[in-house]
Amino acid sequence: MASAALELMGFFLGLLGMLGTLVITVLPYWQTSAHVGSNIVTAVSNMRGLWMDCVYQSTGAFQCEVYNSMLALPSDMQASRALMVISVVLSILAIAMAVLGMQCTVCLEGSGPVKSRVAGAGGGLFLAAGFLALIPVAWTTHEVIQTFYRPDIPASMKYELGECLPCFDWTYMIHSNDPD
């Protein structure tokens, strides 16, 4: 009975991970404009995502522009898009396999070893999907931090980590102590 509860908990955590991956793939909050310098009152805030750039004005207007050409995008943006879409697809496949292999379902009834292998394969797909989603997030986080600390970029062109990316305090500590 305890293993069935663990299976259910793993399934719901995988489902939550798939929904989170889907949300961060679609939303444009990967990078937000950094408000650094002496002027802290801003009328416009820019956001960048995998699929669009958005502008939020202090009047409440929110306008997004979808990237028109995939070939015009930088190669890291194309790779990030592909990895995130593959991660979502693997998560959906993992959910289907996990449902088939869980002890509380009647699918594949009577074939105990096959059912447990299918559940294990679903868990492996969840892990692969999570790893594939971690790569573009870490990649973009690294890029944002590196460009933020470059002195040759004007303050108006700098971006910070958006809400879709995890804010790792340790990365700020490491890079704020860098002499570069």
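**Note on the disulfide, sheet and helical spans**

1. The torsion about the S-S bond of C54 and C64 is about 105 degrees, and the disulfide is therefore right-handed. C54 lies in strand β3 (residues 52-57) while C64 belongs to strand β4 (residues 62-66), so the pair ties together parts that are ten residues apart in sequence. The structure is a predicted model, and in it the S to S distance of this disulfide is 2.0 Å; the count comes to one disulfide.

2. Strands β3 and β4 belong to an open sheet of five strands, which has the order β4-β3-β2-β1-β5 and antiparallel pairing. Because β4 and β5 (159-161) stand at the edges with a single partner strand each, one side of each is left without a neighbour in the sheet. On average, and with direction ignored, neighbouring strands of this sheet are turned by 25 degrees against each other.

3. Within the sheet, strand β1 (residues 31-33) pairs with strand β2 (residues 44-48) in the antiparallel sense over two bridges, and Q31 has R48 in β2 as its bridge partner. Helix α3 (residues 112-148) lies across β1 and β5, running at about 140 degrees to β5.

4. An unreviewed UniProt entry places the feature "transmembrane region" at residues 12-30, 82-106 and 118-139. In the model, residues 82-106 are 80% helix and 0% strand, with end C-alpha atoms 35 Å apart, while residues 118-139 are 100% helix and 0% strand, with end C-alpha atoms 32 Å apart.

How values were computed:
Residues are numbered from 1 along each chain as its sequence is written. This is a predicted model: local features need pLDDT of at least 70, side-chain atom pairs count only at pLDDT 80 or more; totals for chains, interfaces and linings use all residues. Side-chain values use heavy atoms; hydrogens and water are left out. A disulfide is a pair of cysteine sulfur atoms within 2.5 Å. Helices (H or I, at least four residues) and strands (E, at least two) are DSSP runs, numbered from the N terminus. UniProt positions are given in the numbering used here, feature names are shortened, and annotations may be inferred rather than shown by experiment. Two strands pair if DSSP finds at least two bridges between them. Axes are lines fitted to C-alpha atoms, for helices over the stretch in contact, and angles run from 0 to 180 degrees between N-to-C directions. Contact means heavy atoms within 4.5 Å.
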